[in-house]
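Here is my note on this structure, in numbered points. Please keep the 3D view open while you read.

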Amino acid sequence: MIIQPRTRGFICLTAHPDGALQSVKNQIEYVKSKGELKNGPKKVLVIGASTGFGLSSRIEAAFGSGAATIGVFFEKPASEGKIGTAGWYNSAAFEKEAATAGLYAKSINGDAFSDEVKKETIELIKKDLGQVDLVVYSLASPRRTHPKTGVAYASVLKPIGEPFTNKTVDFHTGVVSDISIQPVDKDEDIENTIAVMGGEDWKFWMEDLKNAGVLADGVKTVAYSYIGPELTFPIYRNGTIGQAKNDLEATVPVLNDLLKDLNGTSYVSVNKALVTQSSSAIPVVPLYISLLYKVMKAKGTHEGTIEQMERLFSERLYTADGVVPLDDAGRIRIDDWEMAADVQAEVAKQWNQVTTENLADISDIEGYRKDFFNLFGFEIDGIDYEKDANENVKVPSIAE
Ligand code: NAI
């Protein structure tokens with residue numbers, strides 16, 4: 001089948017299996033180029049393993065540290081005549097490359113919020129790995145059905161208290177315009193967003209894994225958060241999603257307590273703003289990212305998800321002396337280069353000036369757009385998109 005991108009707003013409805021394979025290979029090559037990670041994890045569970053930071057975490061663990069990995073994700077499988085989602089093709093590519101390298105890799109496709117998928121994962125760990133020494137929690141989802149009550153929660157991306165007006169960009173057309181977002185009109189929206197993106201499900205996972213005896217002595221677990229600049233505070237850190245991130249971060253001491261008798265530790269890592277399927281859904285943020293990319297690329301400090309995860313593992317989680325550097329609030333910071341004062345000052349200056357007319361000059365909107373299509377396996381160097389592609393790619397460990 002000839003597969004071309006088909007987009008609706010910030011969603012791409014198609015994905016390219018060969019592009020996904022190449023993009024996974026590129027990430028693997030990057031990790032290999034950094035050399036072997038000493039003292040790295042050996043048996044790793046990644047929850048949210050098919051795209052974005054979770055996929056890069058899995059690649060870093062496997063190809064940087066030689067780890068056996070189990071990946072959990074929620075993707076649409078491909079079949080004859082039916083294109084699968086990008087995360088499906090990424091996972092197929094990952095398993096293929098892992099097998100070639102002689103690395104154990106199995107995947108579970110289902111709702112990570114459910115008790116069933118937790119049970120299935122535990123059974124697989126028991127059967128194949130015995131225990132895991134790292135659990136990466138990298139879910140990003142607009143909804144969650146609570147496993148104990150059956151209540152379905154939907155998250156919202158809204159400011160709290162006052163309406164928020166700022167610039168935003170349509171990255172397909174390059175039109176910069178003002179957007180006004182009304183604040184939440186009921187506290188329920190805040191609670192629902194916390195229920196979806198907060199720390200409860202991470203806690204449920206860790207409790208279940210611990211009770212099943214599948215966490216190794218000295219286990220580490222890490223989840224991902226974001227802070228960003230003041231200009232996005234109303235929609236991000238001080239908005240509904242920020243309340244969920246506060247809740248996620250507040251789960252760290254709870255998990256440290258839970259893992260104490262295993263000498264285990266839990267962390268939240270604050271990551272850089274990057275183009276992923278999740279971040280492209282947030283208003284205002286894509287324009288900020290376009291300006292940020294331009295500034296960071298000029299300074300030589302730009303990173304993608306794989307560069308971020310490589311630095312997280314080698315310079316934070318698994319340092320030579322075993323010390324994990326944390327900020328005053330107890331968080332890992334790999335958004336340090338994004339938040340550097342000189343970077344932020346330049347972005348803020350450009351933010352005030354950016355218009356539809358000067359967008360292409362003062363921002364890296366082209367880089368944003370390319371990264372967006374790359375997420376779905378499109379515009380990857382070396383792939384001929386006019387060529388027939390086999391859409392019916394299987395994830396080897398998943399029985400149909
Ligand atoms: P993403 O959308 O690329 O990945 C989300 C992953 O979660 C995918 O593997 C997807 O299959 C999985 N998933 C979603 N719902 C699921 C479900 N019900 N069951 C099983 N798997 C499910 O997202 P991204 O951006 O990599 O986000 C991961 C984490 O990183 C999130 O906590 C996000 O807030 C955080 N983060 C993202 C930043 C960004 O700029 N993209 C910056 C800093 C933190």
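**Notes on the fold and the ligand site**

1. Start with the sheet. It is open and has 7 strands, in the order β5-β4-β3-β6-β11-β12-β13, with parallel pairing. Its edge strands are β5 (105–109) and β13 (332–333), and each pairs on one side only. Strands are DSSP runs of E, at least two residues long; helices are runs of H or I, at least four residues long; both are numbered from the N terminus. Two strands pair if DSSP finds at least two bridges between them.

2. A word on the basis. This is a predicted model: local features need pLDDT of at least 70, and side-chain atom pairs count only at pLDDT 80 or more, while totals for chains, interfaces and linings use all residues. Residues are numbered from 1 along each chain as its sequence is written, and side-chain values use heavy atoms, with hydrogens and water left out.

3. Look inside the sheet. Strands β3 (residues 43–47) and β6 (residues 132–137) run parallel and are joined by 4 bridges. Leu-45 has Val-135 in β6 as its bridge partner. Strands of a sheet pair through backbone hydrogen bonds.

4. Now the helices. Helix α2 (residues 52–65) lies across β3, β4 (68–73), β5, β6 and β11 (215–225). Its direction is at about 170 degrees to β4. Helix α3 (residues 86–100) lies across β4 and β5, at about 160 degrees to β5. Contact here means heavy atoms within 4.5 Å. Axes are lines fitted to C-alpha atoms, for helices over the stretch in contact, and angles run from 0 to 180 degrees between N-to-C directions.

5. Check the polar contacts (N or O atoms within 3.5 Å). A polar side-chain atom of Thr-276 lies 2.6 Å from a ligand oxygen atom. For a side-chain N or O atom of Lys-245, the distance to a ligand oxygen atom is 2.8 Å. A backbone N or O atom of Leu-139 lies 3.4 Å from an oxygen atom of the ligand. The protein covers 93% of the 840 Å² of accessible area that the ligand has on its own (Shrake-Rupley method, 1.4 Å probe).

6. Finally, a hairpin. Strands β9 (residues 164–170) and β10 (residues 175–181) run antiparallel, joined by 7 bridges. Val-169 has Val-176 in β10 as its bridge partner. The hairpin has 4 residues between the strands, and Gly-174 takes a positive phi near 75 degrees.

How values were computed: A polar contact is a pair of N or O atoms within 3.5 Å; within protein, one must be able to donate a hydrogen and the other to accept it, and residues adjacent in sequence count only if both atoms are side-chain atoms.
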